[in-house]
Amino acid sequence: MSLVQGGNFFERPSGPRWSTQGLHPLTMKDISEYIPFAEKACDFFTNSPDPYHSVKNNVDKLEAAGYIQLSKRDPFAGKLEPGGKYYYTFNKTTLVAFSVGHKYQPGNGFKIIGGEFNGS
């Protein structure tokens with residue numbers, strides 16, 4: 001069901017699917033605490049209109065945070081250290097970034113978290 005109903009974009013459809021019964025109504029004070037985050041997100045999206053710009057902007061942030069660029073063509077063996085922060089790119093449109101835990105020891109396994117940005 002679309003939020004555009006009755007010719008008014010801001011009119012919320014009625015019915016059980018859209019019931020707010022039992023929910024705490026938001027106040028401007030509640031919403032205002034999220035405005036700085038929303039503005040930061042809007043700035044990022046404006047400056048990252050496509051995957052190339054998204055990768056570039058994120059690489060800049062990673063390098064400012066101490067991440068080291070690796071070459072995906074060279075083996076990582078002997079280059080990764082506990083507590084290290086690394087990244088590499090593929091075709092300047094894909095970014096892989098990771099950090100190695102301070103207590104990591106070979107054979108202990110690892111965890112991966114992934115995400116995707118689609119600028120279109």
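Helices (H or I, at least four residues) and strands (E, at least two) are DSSP runs, numbered from the N terminus. By that definition, the secondary structure of this protein consists of three helices and three strands. The structure is a predicted model. Along the sequence, its elements follow the pattern α-α-α-β-β-β.

**The protein as a whole**

- The protein has 120 residues, of which 10% count as buried.
- Among the contacts with a separation of 6 or more, 29% are accounted for by residues 24 or more positions apart.

**Aromatic residues**

- Four aromatic pairs are found when the whole structure is searched.
- In the pair of Phe44 and Phe45, the ring centres are 5.9 Å apart and the planes stand at 65°; the pair is therefore edge-to-face, since planes over 60 degrees apart are placed in that class.
- Phe44 has a relative accessible area of 19% and is therefore buried, because the limit for a buried residue is under 20%.
- Phe45, with a relative accessible area of 49%, is partly exposed, because a residue counts as exposed only over 50%.
- One aromatic cluster is formed by Phe76, Tyr86, Tyr88 and Phe98.

- Tyr52 is located in helix α3, which covers residues 51–64.
- The relative accessible area of Tyr52 is 40%, so this residue is partly exposed.
- When neighbours within four places in sequence are left aside, Tyr52 is in contact with Lys92 and Thr93.
- Tyr52 and Thr93 are separated by 41 residues in sequence, yet their C-alpha atoms are 4.7 Å apart in space.

**The loop between β2 and β3**

- Asn91 belongs to the loop that runs between β2 (85–90) and β3 (94–99).
- Lys92, one of the residues in contact with Tyr52, is also found in the loop between β2 and β3.
- Most residues other than glycine have a negative phi.
- Asn91, which is not a glycine, has a positive phi near 55°.
- Lys92 likewise is not a glycine, and its phi is positive, at about 60°.
- Asn91 counts as exposed, because its relative accessibility is 57%.
- Lys92 also counts as exposed, with a relative accessibility of 55%.

Key:
Residues are numbered from 1 along each chain as its sequence is written. This is a predicted model: local features need pLDDT of at least 70, side-chain atom pairs count only at pLDDT 80 or more; totals for chains, interfaces and linings use all residues. Side-chain values use heavy atoms; hydrogens and water are left out. Rings of Phe, Tyr and Trp (its six-membered ring) pair if their centres lie within 6.5 Å; planes under 30 degrees apart count as stacked, over 60 as edge-to-face and the rest as tilted. Buried means under 20% relative accessible area, exposed over 50%, partly exposed in between (1.4 Å probe, protein chains only). Contact means heavy atoms within 4.5 Å.
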